[in-house]
Amino acid sequence: MQYALMIYTRPGDDEALPDAERAAVQAEYAALGDDARYESVAQLQPAETATSVRVVGGRTLMTDGPFADTKEVLGGFCLLDAADLDEAIELAARIPAARLGGAVEIRPVVRR
Amino acid sequence: MLDDVFRDEWARVLASLVGFLGDFDRAEDAAQEAFTIAAERWPVSGMPDNPGAWLVTTARNRAIDRIRRDRTLTQKIQLLPAPEAAGDEVDDTVIKDDRLELIFTCCHPALPLDGQVALTLRALGGLETADIARAFLVSEETMKRRLTRAKTKIKATGIPFAVPGPQLIPERLDAVLAVIYLIYNEGYSGRVDLGAEAIRLGRVLASLMPDQPEVHGLLALMVIHHARRRARFSGEDLVLLDDQDRSLWDPHQIAEGRAMLDRAIELGGRGPYVVQAAIASLQTRRRIDWPQVARLYRRLVDLTGSPVVELNHAVAVAQAGDPAAALRAVDRLDLDGYVYLHSTRGELLRRLGRHDQAREAYRRALELATSTPERRFLSRRLEQL
């Protein structure tokens, strides 16, 4: 089955880490894609760079910032292929954000 | 008679069908159909030699027939193996027991807890949706939705129909035991005998995982508590352990529970359920060794970190002869909204002769108590002061 993992982090948490640890975490993220079960991995620029777009009455409206105003922000996402939810959970649990105060949301992808 | 066979076979048949069809709803429909046919035929033509195999084979054949009929609508159905037998011919081979897979699927932590509980009672316990609804005091419609949501999530998210690997077992088994214990504890309030139901589930689990000490520990705990159930109430009134009429206890169940506890300890069990069973067992002795009970509660505090267990520890310390130390421990707890904190304080203060403060504590407990027997009990205590 194909799953999407959405990685939520708390902005600033990363900077709070000592340099060596931050480098180790970044290396962990960079290495995610080495696992063949990951189909794609994307790390996002910080939430301050977000633009939310709506089309109302034919006009394109833009707001500065992410769609949902929450403490945790979407920091990245992955698509992966796993046998079942347990395998997806196992992979999600290895993502650093999951143990660093953030959370990883797992959603099955609609089959086409 | 037929009812007993049905209840015993339901989980086995359903488990086998979920494994075969890979779909909870289809499996349930097919099982239901096979049981209906059996209910019509068996009283007339007699029960087959192997009722379980008959039910599984019949249900499989019906499911395959139905899938064939629905084929145009169900192109998405997973590849099905070719049917081995047509019609109702019964395959006499031994049906593999898939109940453990079913238990772990129903108690998967990705499901909401109320869904895990409902699904376990429906799938493993073979209870009707209406009975589960009555037990939890919700409408049948609400319970049906709860079950549907859980089944939908299993299918949509790919929750596996499997026993987890060895590294996952401790964590996942905890979830299963928590569901069974929750069902057990519900047993004291509802109308359906969920206590007996939880014990049935515990027995099935113990037979399927005979080497897991905590499974035997939980079963022992439930059986020993259950043995005392008739003494817990006198009419509408709650009766505390000290005042219980021991002739109402079931000595066979107590002996059985102790044997289960011995088995758990033999297997090296030192976990929270084993410790709680050991406490329950000590409390059925004619002379209760309170210092030992206190030591076991201390261990349980270390295992769980729970302030409620700390409160129980304090009670054991008081029973062992030191109500002043118990009161100091209780006053350190951050459990202000908990009725038993205040009733315990009331009792300790009464024993220490501080009656005004005791009354105050009982009044606070009364404000927080919700059930009628509890309120009656507390009012009586207050009057006696």
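Over residues 12–71 of chain B, what percentage of the chain is helix, what percentage is strand, and how far apart are the end C-alpha atoms? In this predicted model, that stretch is 85% helix and 0% strand, and its end C-alpha atoms are 27 Å apart. The segment corresponds to an annotation in the UniProt record, an unreviewed entry, which assigns "domain: RNA polymerase sigma-70 region" to residues 12–71 of chain B.

Chain B as a whole contains 18 helices and 2 strands. Its C-alpha trace spans about 80 × 45 × 45 Å along the principal axes. Of the 385 residues in chain B, 40% are buried. Among the contacts in chain B with a separation of 6 or more, 60% are between residues 24 or more positions apart.

B:Ile64 belongs to helix H3 of chain B, which comprises residues 51–69. B:Ile64 has 20 C-beta neighbours inside 10 Å and therefore counts as buried, the criterion being 20 or more. Along the chain, B:Ile64 and B:Leu21 are 43 residues apart, and 9.1 Å separates their C-alpha atoms.

A further annotation follows along chain B. UniProt, again in an unreviewed entry, lists residues 104–154 of chain B as "domain: RNA polymerase sigma factor 70 region 4 type". Over residues 104–154, chain B is 73% helix and 0% strand, with the end C-alpha atoms 11 Å apart. B:Leu137 is found in the loop that joins helix H6 (129–135) to helix H7 (140–157) of chain B. The phi angle of B:Leu137 is near 55°, a positive value in a residue other than glycine. B:Leu137 has 11 other C-beta atoms within 10 Å and is therefore exposed, since 12 or fewer such neighbours place a residue in that class.

Attention may now turn to helix packing in chain B. Helix H10 (residues 213–227) and helix H11 (residues 251–266) of chain B have axes 8 Å apart and pack at an angle of about 160°. H10(B) and H11(B) are therefore roughly antiparallel to each other, because an angle over 145 degrees falls in that category. Their crossing is left-handed. On the H10(B) side, the residues that meet H11(B) are B:Pro213, B:His216, B:Gly217, B:Leu219, B:Ala220, B:Val223, B:Ile224, B:His226 and B:Ala227. H11(B) contributes B:Gln253, B:Ile254, B:Glu256, B:Gly257, B:Met260, B:Leu261, B:Arg263 and B:Ala264. By class, the residues of this contact between H10(B) and H11(B) comprise 10 nonpolar, 5 polar and 2 charged.

The axes of helix H17 (residues 355–368) and helix H18 (residues 372–384) of chain B come within 10 Å and cross at roughly 165°. H17(B) and H18(B) are therefore roughly antiparallel to each other, and their crossing is left-handed. In this contact, H17(B) supplies B:Arg359, B:Tyr362, B:Arg363, B:Ala365 and B:Leu366, while H18(B) supplies B:Arg375, B:Leu378, B:Ser379, B:Arg381 and B:Leu382. The contact of H17(B) with H18(B) divides into 5 nonpolar, 1 polar and 4 charged residues.

Chain A has 4 helices and 6 strands, arranged along the sequence in the pattern β-α-α-β-β-β-β-α-α-β. The C-alpha trace of chain A spans about 45 × 40 × 20 Å along its principal axes. Buried residues account for 18% of the 112 residues in chain A. Of the contacts in chain A with a separation of 6 or more, 72% are between residues 24 or more positions apart.

The UniProt annotation "domain: YCII-related", from an unreviewed entry, covers residues 1–111 of chain A. Over residues 1–111, chain A is 28% helix and 37% strand, and the end C-alpha atoms are 8 Å apart. A:Glu90 is located in helix H3 of chain A, residues 85–93. A:Glu90 counts as partly exposed because it has 13 C-beta neighbours inside 10 Å. A:Glu90 and A:Pro11 are 79 residues apart in sequence, and their C-alpha atoms are 24 Å apart in space.

The two chains also touch one another. The contact takes 7 residues from chain B and 5 residues from chain A. On the side of chain B that touches chain A, the residues are 5 nonpolar and 2 polar, with no charged residues.

Notes: Residues are numbered from 1 along each chain as its sequence is written. Chains are lettered from A and ligands numbered from 1 in the order in which they are written. This is a predicted model: local features need pLDDT of at least 70, side-chain atom pairs count only at pLDDT 80 or more; totals for chains, interfaces and linings use all residues. Axes are lines fitted to C-alpha atoms, for helices over the stretch in contact, and angles run from 0 to 180 degrees between N-to-C directions. Angles under 35 degrees count as roughly parallel, over 145 as roughly antiparallel, 65 to 115 as roughly perpendicular and the rest as oblique. A crossing is left-handed if the near helix is turned anticlockwise from the far one by less than a right angle, and right-handed if clockwise. Two residues are in contact if their C-beta atoms, placed from the backbone, lie within 7 Å. Ala, Val, Leu, Ile, Met, Phe, Trp, Tyr, Cys and Pro count as nonpolar, Asp, Glu, Lys and Arg as charged, and the others, Gly among them, as polar. UniProt positions are given in the numbering used here, feature names are shortened, and annotations may be inferred rather than shown by experiment.
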